[in-house]
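The sequence and the structure come first, and the commentary follows.

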Amino acid sequence: MEKKTSKRVIVFRVLVILWMIVIFLFSAADGNESSKTSGWVGRMIGSIFHSDFEDWTEEEQEAYAEKIEYPIRKAAHATEYAVLALLFFGALPFEGKKRYLLSWLFAALYACTDEFHQLFVPGRAGTLFDVGVDSLGALAGLLILWGILSLRKKLRKHPDERCTPTQTP
C-alpha cells in the first residue's frame, strides 16, 4: 500500500523549488549587477546603524558600502542556504537524525551546483570557500531549528518547568 504524501510536504517541496530558482537567479546576475545589489544593501545598513549616514558625503557612503560588501555577501550566502536547508527539512516526509542530515546534504549539494553555475557568469567566480560558507549556513539553520524543536519538546514534556512570571504580594 502506498503512503500518501501530506499537503505540508508537498507545499515545502514547491517552496524548495521556488527558493532554488531564487538562488539561481541571484547567481545568474553578472558581477556588476551583484555589486550594485550589495552596494544598495550596504547603504541600507549604513542608514540603519548610523543616524547621520545621510549627512555623509557620497564618497564616505560609497566607501562604507564597499567596506562591508564582503561580509554582506557572505552573510547572504549563509542565510539563503540556511533557508534552503530548512525548506528541505520541511519537504522530507520522515523524522529523526536522517532528516537533518539529508536536509544539510541536499543544501550542500545545491551549493556545489550553484558555485559551478557561477563559473559561467561574467564577473562572478565559483569558489570552494563559498560552498563552505553555504554549507555552514545550512548547518547553522538546521542547528537553530534543532534547538527550537528540542526546547519545544522539553517544554511539552515538562510543562511545570516553564518560566512563569513571578508574583509579587
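In which helix is the place of Ile21? Ile21 sits in helix H1, which covers residues 7-28. The model is a predicted one, and the values below are computed from it.

**Ile21 and the nonpolar surface patch**

With a relative accessibility of 43%, Ile21 counts as partly exposed. Ile21 is also one of the residues that make a nonpolar surface patch of about 800 Å², to which Ile10, Val11, Val14, Leu15, Ile17, Leu18, Phe24 and Leu25 belong as well.

**Overall architecture**

The secondary structure of the protein consists of six helices and zero strands, and from the N terminus on the elements follow one another as α-α-α-α-α-α. The radius of gyration is 21 Å, well over the 15 Å that the globule rule gives for 169 residues, so the protein is more spread out than a compact globule. Along its principal axes, the C-alpha trace spans about 60 × 60 × 25 Å.

Buried residues account for 33% of the 169 residues, and the accessible surface comes to about 11,800 Å², with 68% of that surface belonging to carbon and sulfur atoms. Among the contacts with a separation of 6 or more, 67% are between residues 24 or more positions apart.

**The largest nonpolar core**

The largest nonpolar core holds 17 residues, and the members that touch the most other members are Val16, Tyr81, Leu84 and Ala107. Two or more residues of this core come from each of H1, H4, helix H5 (97-118) and helix H6 (128-157), and H4 gives the most, with seven residues. Leaving out residues up to four places away in sequence, Leu84 touches Val16, Trp19, Met20, Ile23, Ala107 and Tyr110; two of the names in that list, Val16 and Ala107, are also among the core members with the most partners.

**Salt bridges**

Side chains of opposite charge can pair when their charged atoms come close. A search of the whole structure finds five salt bridges, and three of them are set out here.

| Salt bridge | N to O distance |
|---|---|
| Glu62 and Arg43 | 2.8 Å |
| Arg73 and Glu69 | 3.1 Å |
| Lys74 and Asp130 | 2.5 Å |

The side chains of Glu62 and Arg43 meet in a salt bridge, and this pair links distant parts of the chain, with Glu62 in helix H3 (residues 58-67) and Arg43 in helix H2, 19 residues apart. Glu62 has a relative accessible area of 34% and is therefore partly exposed, while Arg43, with a relative accessible area of 22%, is partly exposed too.

Lys74 is found in helix H4, which covers residues 69-91, and its salt bridge is formed with Asp130. Since Lys74 lies in helix H4 and Asp130 in helix H6, the pair ties together parts that are 56 residues apart in sequence. Is Lys74 buried or exposed? Lys74 has a relative accessible area of 17%, which is why Lys74 counts as buried, and Asp130 is buried as well. Salt bridges that share partners also join Arg43, Glu58 and Glu62 into one network.

Ser34 has its place in helix H2, which covers residues 31-49, and at 10% relative accessibility Ser34 counts as buried.

Key: Residues numbered from 1 in each chain as written. Predicted model: local features only at pLDDT ≥ 70, side-chain atom pairs only at ≥ 80, totals over all residues. Heavy atoms only, no water. Patch = residues over 30% accessible without salt bridge, like charges linked within 9 Å, V, L, I, M, F, W, Y side chains within 5 Å. Areas by Shrake-Rupley, 256 points an atom, 1.4 Å probe, with all protein chains shown as cover. Salt bridge = Lys/Arg side-chain N within 4 Å of Asp/Glu carboxyl O. Helix = DSSP H or I, 4+ residues; strand = E, 2+ residues; numbered from the N terminus. Buried < 20%, exposed > 50% of the residue type's maximum accessible area, 1.4 Å probe, protein only. Rg over C-alpha atoms; globule rule 2.2 N^0.38 Å. Contact = heavy atoms within 4.5 Å. Core = buried A, V, L, I, M, F, W, Y, C linked by side-chain atoms within 4.5 Å.
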